[in-house]
Amino acid sequence: MAKSSGNSTSRRGFLQRAAVTGAGLGAFSAGGAQFFMPAFAADKPAIGTWPAGSSGSSVFVGLTAPRTGTYAVQGEDELKGAQLAIEHINSGNALIKAISPKTTKGILGKEVKYGIADDGAKPNNGVQNISRFISENKAVLMMGGTSSAVAVALNKLAQREKVIHLAMVSGSNDTTGKDCVRYGFRECFYGQTAAAGIGPVLVKAFGKGKKAAYLTPDYTYGHTVQKSMSDYLNKEGGWSTVTNQVCPLGAPDYSSFLLNIANSGADIFLNINWGHDAVLSIQQAKQFGVLDKQKLVVPYQVPFLAREVGGDLMGGVYASTSYWWGIEDKYPLAKMFNAEFSKKYGYMPEWGAQCTYLQLALWAAAVEDAGSFYPPDVIKSYEKGTKRQSMVGEVHFRPEDHQLVRPVIIVRGKKAADMKGKEDYWDVLEVLPGEPLMQKPDEFGCKLGDYT
Amino acid sequence: MFTWANLVSQMFNGLVLGALLALISSGLTIIYGTLGVLNLAHGAMFMMGGYAGYLAFTATGSYVLAVAAGALFVMVLGVVMERVIIRHFYSRPNEDQLLVTFGLSIVFVELVRFFFGSLSRNVPPPAWASGVTPLGFMLYPTYRLVVVGIVVVALLVLYFVLYRTRLGMIVRAGIEDSTMVDSLGINVFRVFMVVFGIGAMAAGFAGIVNAPVVSLTPEVGEMILVQTFVVVVIGGVGSFPGAILGGLIAGQILSITSMINPGYAYVMLFAAMTLVLLVRPRGLMGLHSRD
């Protein structure tokens, strides 16, 4: 039954918010829904939260993201993107209609409500949060990620509970690789496409035969991105890995790791850390003189990194990303998205917000095309691979591994003196088509599993 | 990646890291030793010191004023905390004390998050201590070298207060046997308030001194708190020299392990703690185990 209104915040515990609009009507009709089955439900057995979750006048989306911990800043941004998308879906905004042409208001005429919970980037918390959204709110959709460890855990939950999961930011190859599931979909770029995209740029910029040092967070995201990067650079550029410093997520100090990197004789310092870990390790790398001797590369760009670290350290730094607002001159939907987002939140969107917005817009399109919330039908609708418009041009889902085929954007940090505005942190060097950057669908061991 | 140059630089870095940990831990251990209260809000107070100093720095641009503000603010906070809340928990079971200090830490962290957000804040090192110093065998951030000096002075002051003043004598007597001190007609409650203030001040002072090394986030204290506990357990709960020894040992473990296999740096820290607990349950310098 749809949760009515209510605002409660408690740390580490459950943070939950239900949209307020139309709550009275929603609660009333959802209450009556237990006794009313749509005609088409008769020939299909109940699965997951279907049909209970979508038999009222609203459907519920469960969101879990880190609002505390080292990925808190990025998590909040992703939630903002998701909230804007839901608002737009419910109001039938022009941007949503450009991505999902059949959308009028809501999805199949139903209002979308949502709840938010904090997972601190911990997989157990993420699974608990979403499990409660499923049992208490009959969530028809879950979204989580920011840490790939959470995204992978939710993939497994999604497949078990038969509720579709849209990954938020998740850079690990595993999310649509060995840990892919029938019920999971990913929008953003990942280790493999990051490496294949930025690799040639790095070899061209720095030359062949360079010595590389890596600083790698110790979980699936870090390991797979590091492997993809070193595989590409060592094979195609004749580079060598002189050290790979594996550090824990949320380390309070990076001095010992950075000393090893300083002493490694590397030419290039590839920092795979993310969130506050990236901010702190880059600032400390500066303190230890690492950035004077080695060129910094951020293979998998971190939203807000340049804002927090500043142009003095990020000037000239190469990175690959899913989205940067500076592409708006060539992509009309990017311009619309930037305008809508900055109007609501007062700053230009980063790629985490773009990811969650587009995920929800593409879900709206898939459900509208399926004409039903019945999960196997929605999944099959996704798997048709329909080409759709987006902020980064035309995109489509790959049916074999549920990965969105989308461009990778190569950017280079601007020096503080070259910035034309206070949010002008990155120069867009290239927008690379996604398809050629991707591995074969089965290369990372993806087996999607069953529909039912 | 073993080379002698790397070993020397890691050992040196371990010393700096250890000095910082020693300072933070000393506040925690003094409070526990005297009051018997394990203050889980210590990390949050460390963080509050950083933010108070950050505010003072943005207002005045002065590093010295920032340090003074960070230390004094948290001292006052500590005294208020002791008088208003902690005092009522001395006679309550340990679980209650843990829960109330843990609760306070949540309140502090969320208050700071409410006012400052999660984006990190920077307090730059003072101009005279910024940049890199060549040590011969490596280049080292000048500010971290200055931090060692600051920590040594701060620990000496603490030592003087604890071992060379009347107050210190009472505090140490209180650690040994608080009932006896009480029966000698000394106002234990006033001493407790002063001790809590000093312990809190040590945390706040460490928080702002450490701020230019790590950029400030509301969680900066949580990450430090875990390490601080390990240091205190290794050194001996309630022992001031133990906190210093524990800090130095923890610094070396983190640095040297990370040279051999960085993935095991924190694992080794906990392994060392377990080993100490097995061989010497009261910690290396612990006088007696508490009931």
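Is His402(A) buried or exposed? His402(A) is buried, with 26 other C-beta atoms within 10 Å. The cut-offs are simple: a residue is buried if 20 or more other C-beta atoms lie within 10 Å of its own, exposed if 12 or fewer, and partly exposed in between, with C-beta atoms placed from the backbone.

## Basis

This is a predicted model, in which local features need pLDDT of at least 70, side-chain atom pairs count only at pLDDT 80 or more, and totals for chains, interfaces and linings use all residues. Residues are numbered from 1 along each chain as its sequence is written, while chains are lettered from A and ligands numbered from 1 in the order in which they are written.

## Backbone features of chain A

His402(A) has a positive phi of about 60 degrees, although it is not a glycine. Its place is the loop between strand E13 (396-397) and strand E14 (404-405) of chain A. Helices (H or I, at least four residues) and strands (E, at least two) are DSSP runs, numbered from the N terminus.

Leu108(A) is not a glycine either, yet its phi is positive, about 50 degrees. It sits in the loop between helix H3 (94-99) and strand E4 (111-118) of chain A. Leu108(A) counts as partly exposed, with 16 C-beta neighbours inside 10 Å. A cis peptide bond joins Trp50(A) and Pro51(A), with omega about 5 degrees. Pro51(A) lies in the loop between helix H1 (23-33) and strand E3 (58-65) of chain A.

## Surroundings of Gly144(A)

Gly144(A) belongs to strand E5 (residues 141-144) of chain A. It is buried, with 32 other C-beta atoms within 10 Å. Leaving out residues up to four places away in sequence, Gly144(A) touches residues including Thr64(A), Asp119(A), Ile130(A), Leu154(A) and Met168(A). Contact means that the C-beta atoms of two residues, placed from the backbone, lie within 7 Å.

## Domains of chain A

Chain A is divided into domain 1 (7-189 + 331-405) and domain 2 (191-321 + 408-437). The bounds come from an automatic or database domain assignment. The C-alpha centres of the two domains of chain A lie 30 Å apart.

Across the boundary, 21 residues of domain 1 of chain A are in contact with 26 residues of domain 2 of chain A. On the domain 1 side, helix H2 (72-91), helix H5 (148-161) and helix H14 (351-370) of chain A each supply at least two residues. By class, that side has nine nonpolar, nine polar and three charged residues. Ala, Val, Leu, Ile, Met, Phe, Trp, Tyr, Cys and Pro count as nonpolar, Asp, Glu, Lys and Arg as charged, and the others, Gly among them, as polar.

## Fold of chain B

Chain B has ten helices and two strands. Along the sequence the pattern is α-α-α-α-β-β-α-α-α-α-α-α. Of its 291 residues, 53% count as buried. The C-alpha atoms of chain B fill a box of roughly 60 × 50 × 35 Å, taken along the principal axes.

## Contact of chains A and B

The contact takes 30 residues from chain B and 31 residues from chain A. Elements giving two or more residues to the chain B side include helix H1 (4-35), helix H4 (94-116) and strand E2 (139-141) of chain B. H1(B) gives the largest share of that side, six residues. By class, the side of chain B that touches chain A has 16 nonpolar, twelve polar and two charged residues.
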